[in-house]
Amino acid sequence: MELSLGTVIDSKVNELIYLGYDEADATTVWQCLMKKVWKKDKNLSLHQVVQDILHLKPHFFMSYMTQMAYQTDDLSGAIQDVFKHNDMN
């Protein structure tokens, strides 16, 4: 039986959805791992990557999602401020 990283990530996504994190998807889980877990060390062995995926804690994922929501809100607000400023000129 051959497993791929996609299978491992899908397993984590299913776990997160089961726990009530309905916004979880493979892309978001991967981004969370890349930006928060592997931010310094990008050269990991396969077993380390699999272990990190399987050990991703739901509260850590939710914290990442909250940070992304705040950053998106700030960006959206900043863009609106720029357009408001341009309309005044």
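This is a predicted model: local features need pLDDT of at least 70, side-chain atom pairs count only at pLDDT 80 or more; totals for chains, interfaces and linings use all residues.
**The chain as a whole**

The chain has four helices and zero strands, so its elements read α-α-α-α from the N terminus on. Of its 89 residues, 20% count as buried. The accessible surface comes to about 6700 Å², and carbon and sulfur atoms account for 56% of that surface. Among contacts between residues at least 6 apart in sequence, 58% join residues at least 24 apart.

**Lys-12 and its surroundings**

Lys-12 lies in helix H1. Leaving aside residues up to four places away in sequence, Lys-12 touches Val-29, Ile-53, Leu-54 and Leu-56. Its side chain also reaches the backbone oxygen of Leu-54 at 3.1 Å. The table sets out both.

| Side chain | Backbone atom reached | Distance |
|---|---|---|
| Lys-12 | oxygen of Leu-54 | 3.1 Å |

**The nonpolar core**

In soluble globular proteins, nonpolar side chains tend to be buried together. The largest nonpolar core of this chain has 15 residues. Those that touch the most other members are Leu-16, Val-29, Leu-33, Ile-53, Leu-56 and Phe-61. Two or more residues of this core come from each of helix H1 (5-18), helix H2 (26-37), helix H3 (46-54) and helix H4 (58-88). H1 gives the most, with four residues. Leu-33 has contacts with Trp-38, Asp-52, Ile-53 and Leu-56, when residues up to four places away in sequence are not counted.

**Helix H2**

How far apart are the end C-alpha atoms of H2? They are 15 Å apart, which agrees with the 16 Å that twelve residues should span at 1.5 Å a residue. The buried residues of H2 include Thr-28, Val-29, Cys-32 and Leu-33. These four cover an arc of only 140° around the axis, which means that they are on the same side of H2. An α-helix has 3.6 residues a turn, so residues three or four places apart point the same way.

Technical notes. Residues are numbered from 1 along each chain as its sequence is written. Side-chain values use heavy atoms; hydrogens and water are left out. A nonpolar core is a set of buried Ala, Val, Leu, Ile, Met, Phe, Trp, Tyr and Cys residues joined through side-chain atoms within 4.5 Å. Buried means under 20% relative accessible area, exposed over 50%, partly exposed in between (1.4 Å probe, protein chains only). Contact means heavy atoms within 4.5 Å. Accessible areas come from the Shrake-Rupley method with a 1.4 Å probe; for residues, only the protein chains shown count as cover. The expected span of a helix is 1.5 Å times one less than its number of residues. The arc is that of the directions from the helix axis to the C-beta atoms. A polar contact is a pair of N or O atoms within 3.5 Å; within protein, one must be able to donate a hydrogen and the other to accept it, and residues adjacent in sequence count only if both atoms are side-chain atoms.
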